[in-house]
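Please open the structure in your viewer and keep the selection tool at hand.

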Amino acid sequence: MNSALPKHVKLVEVGARDGLQNEKTPVATDVKIDFINRLSRCGLATIEVTSFVSPEWIPQLADAEEVYAGIDKVEGVAYPCLVPNVKGIERAIACGVREISVFTAASETFNRKNINASIAESIERFKPVVKIAAEHKMRVRGYISCVLGCPYEGPITPAQVADVVAMLDDLGCYEISLGDTIGVGTPARARNMLEAAAKRTSIDRLAVHFHNTYSQALANILACLELGVSTVDASVSGLGGCPYAKGSAGNVATEDVVYMLHGMGIETGVDFLKLLDAGDFINAKLNRTTTSRIGSIPPANRQRPERFHTA
Ligand code: HMG
Ligand code: MG
């Protein structure tokens, strides 16, 4: 194994949030709860649950309170939720959320379309949120969207991303997730962007979040792992997309990431076959076909990656 690669990768499962925020037909609250409970039994360290955002903007997640209250909270699993403003964190606190994520972008136009604020305004908006979070001993993650391209502005430079990394770092985010929202990146660009970002915070506080529009996500993840990243966002069965980013396809499928990592001897703690079962469950409920080749293998024929892994 390449000695530069991490021995363990923390996966952040975003399917219930990034995935279900994008479904055209509403998903019943009890289905969301059942889905998250299944994910909780897969060995994932972090499962993003929902968003406390405006129900006018994201009607798919208007049941955030009910979902958060209804899920089993498994010891040792973190259940973060997205929060855009003070109203969002107040709602989150009222139902017992322990960890939140704030979200901004490296593109002014995307940010305006997504959260109705400039980048600078969004940071100002997050300041009281982070203060309230600290008073409640809640951890705050930060997201940056459009790190490799914007549906409105086109290419985004590493310097633009690095500036926003510095802002979220100053704000006190314990982790900053770099989002290729529309999945246009390729490994060399991902590497350049990450190198610039890592100059403004430490690499172990950076996470990567690739959507898979052009099937580059796994290659991009590997390029970033080689630079020392050890936190990867992914979405079971490739669920996902952002309603305010036209052309945004699903996230990289968690099972694809797990197969690659376990096959390379990198631990995640995730039970690969249970994860695939959770994907089958939500696909059946959504009447949807998985975007993962692995997920389309019939259950009886699926093999754990370790079976083929030689030392
Ligand atoms: P706004 O319209 O400018 O908000 O939206 P406002 O402060 O003017 O308030 C307007 C109304 O919304 C008021 O209600 C507020 O109370 C209400 P009224 O008085 O008119 O009845 N409101 C809220 N209600 C419930 N919860 C709240 C809340 N805030 C205000 N938290 C706002 C600004 C930020 C609220 C809105 O733009 C919004 O909610 N946007 C969310 C968009 C979103 O969730 N996008 C997807 C997530 S980001 C993503 O997917 C990318 C990511 O995956 C990484 C990647 O891939 O790049 C993370
Ligand atoms: Mg996303």
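This is a predicted model: local features need pLDDT of at least 70, side-chain atom pairs count only at pLDDT 80 or more; totals for chains, interfaces and linings use all residues.

Residues are numbered from 1 along each chain as its sequence is written, chains are lettered from A and ligands numbered from 1 in the order in which they are written, and side-chain values use heavy atoms, with hydrogens and water left out.

**The whole chain**

Display the chain as a cartoon. It has 11 helices and eight strands; these are DSSP runs numbered from the N terminus (helices: H or I, at least four residues; strands: E, at least two). The radius of gyration, taken over C-alpha atoms, is 18 Å, close to the 19 Å from the globule rule (2.2 Å times the number of residues to the power 0.38) for 311 residues, so the chain is as compact as a globular protein of that length. Of the 311 residues, 56% count as buried, that is, under 20% relative accessible area with a 1.4 Å probe, protein chains only.

**Helix H8**

Next, select residues 187-198, which form helix H8. Colour Ala190, Met193, Leu194, Ala196 and Ala197, the buried residues of H8. Seen down the helix axis, they fall within an arc of 160 degrees (from the directions of the axis to the C-beta atoms), so they line one face of H8. Among the elements that cover them are helix H7 (158-171) and strand S7 (206-210).

**The magnesium ion**

Now centre on ligand 2, a magnesium ion. Which residues coordinate the magnesium ion? They are Asp18 (OD), His209 (NE2) and His211 (NE2), at 2.1 to 2.3 Å. Donors here are N, O and S atoms within 2.8 Å of the metal (3.2 Å for Na, K and Ca); water is not among the atoms, so sites may look incomplete. His209 is buried at a relative accessible area of 5%, and His211 is buried at 3%.

**Ser235**

Finally, select Ser235, in the loop between strand S8 (231-234) and helix H10 (254-263). Is Ser235 buried or exposed? At 0% relative accessibility, Ser235 counts as buried. Its side chain reaches the backbone oxygen of Leu239 at 2.6 Å. Beyond its neighbours within four places in sequence, Ser235 is in contact (heavy atoms within 4.5 Å) with residues including Glu13, Asn251 and Thr254.

Terms used:
The expected span of a helix is 1.5 Å times one less than its number of residues. Buried means under 20% relative accessible area, exposed over 50%, partly exposed in between (1.4 Å probe, protein chains only). A polar contact is a pair of N or O atoms within 3.5 Å; within protein, one must be able to donate a hydrogen and the other to accept it, and residues adjacent in sequence count only if both atoms are side-chain atoms.
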